[in-house]
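Please look at the sequence and the structure shown below.

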Amino acid sequence: MKNLTKKILSPVLLLTCSGPLLAQYTFFTPKEAFAIEVSLPNSAEKRLPMYRNAITSLHVQGDWVLGGTTAKEGLSPFIFVATISEKKLLTTKDLQEIVPGQKGIATGFCKGAGNLLYAGTMAYVTKNQQPGHLLQVNVSNGGTIEVKDMGIPVAGESIFALLSNSEGTELYGISYPSGRFFTYSIATRKTQIFDDVAPKEKELNNLHEYAVGPEVYLCKALIQDNAGIIYGSAAGNRVFAFDPAKKSFSFLDTPLPAVWGREVLGQVEAWAKAPDGKLYGGNAGDGQLFVLDPASKKIKNLGKPMMMARLQALAFGRDGKLYGLAGGAPGYSHLFYYDEKGAGFVDLGNPEFTMVAPGIEQGILWRGFQLSTLAASADGKYMVMGEDEALSQLMIFPVGQ
């Protein structure tokens, strides 16, 4: 009787659960999308080696895709360049050659004057406490990478977040693990450090029950509004505003959107500025999208793209939609878009793009399950995504088809 019951119930349970199960395995395969193989072990081709290629920073500059990776413990990361038109990896630069002892680049790349870009590194925590470095990156003709070490902004600390102002003359950042805010003048190379947004003892005590590290509660992303004010998150579910002209800080009255009882886990993980100047952000603690109106300093909760924490990346496309990556390990990250004037949230699922490379000339379908970075081309035509895997590849699709 027990076996018979199982046979009867199994089809019923399968039908009952099929909706959510199928939703987890929805693949996004737009026309003209493709993947670029940038990682492969023991290959004669120019590739990034295994365990050193998790793509944690991206920037699109014309036809070039500039990437920065994070490596496994004890290994060094890379900076690399791929080309969209030729769909291939062009050049790689081992960071060990420029600044030894670095774990990765997770700040993204900030635009300076001309074609110069800036990024910050996370160092390995050792007995000697290696600090993070500020890097100047230039991609020249042919995709050649030139990297210059600009020094250590905050003594003994890594760089957790970095932003350049609209003029490309000054950088703003968050140090790790203390969470101190700093400004850096590119012309004079002078740094000014502030303690205003660094977590206090009371705020850290509220986090003890969650047993989390600084990577969960420090400000992970910064953005500048059209008036020049810099925004970021602080421990305790707060959003701060920094006025570069006055060198002063203030905190918004409206907290980050959060699930009741989990407010202390609020952290802005990604920002994107809309054409109308409004600032869209993602709360990592509960994976909620929100919009901040710089004029009123009010925050509006827009909801959750999917039922998971994390909202790792955001970028606007030329179709006016806000694209993003929600979720992540131990589950899958999903690509979604938010259309304020249309369908609202649309979960596109897991990207599945064709990848063609030497040895696989016939092409294979490459599926992206752990995607952590997303960048749009300047014209919003292309969305470029990077994987956060042992073997990470680039996944690219045109917008507005």
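A polar contact is a pair of N or O atoms within 3.5 Å; within protein, one atom must be able to donate a hydrogen and the other to accept it, and residues adjacent in sequence count only if both atoms are side-chain atoms. Such a contact joins the side chain of His133 to the side chain of Asp149, at 3.0 Å.

This is a predicted model, in which local features need pLDDT of at least 70 and side-chain atom pairs count only at pLDDT 80 or more, while totals for chains, interfaces and linings use all residues. Residues are numbered from 1 along each chain as its sequence is written, and side-chain values use heavy atoms, with hydrogens and water left out.

The pLDDT is the predictor's confidence in each residue, from 0 to 100. Its mean for the protein chain is 90, and 93% of the residues reach 70 or more. Over residues 1–23, however, the pLDDT is below 50, and this stretch has one contact (heavy atoms within 4.5 Å) beyond near neighbours in sequence. Where pLDDT is low, the predicted coordinates should not be read in detail.

His133 lies in the loop between β9 (117–123) and β10 (134–139); strands are DSSP runs of E, at least two residues long, numbered from the N terminus. His133 counts as buried because its relative accessibility is 12%, under the limit of 20% (1.4 Å probe, protein chains only). Not counting residues up to four places away in sequence, His133 touches several residues, including Val99, Gln102, Asp149 and Ile159.

Elsewhere, four strands form an open sheet in the order β16-β17-β18-β19, with antiparallel pairing. β16 (223–224) and β19 (248–251) stand at the edges, each with a single partner strand, so one side of each is left without a neighbour in the sheet. Two strands pair if DSSP finds at least two bridges between them; β16 and β17 (residues 230–234) pair over two bridges.

Technical notes: Buried < 20%, exposed > 50% of the residue type's maximum accessible area, 1.4 Å probe, protein only.
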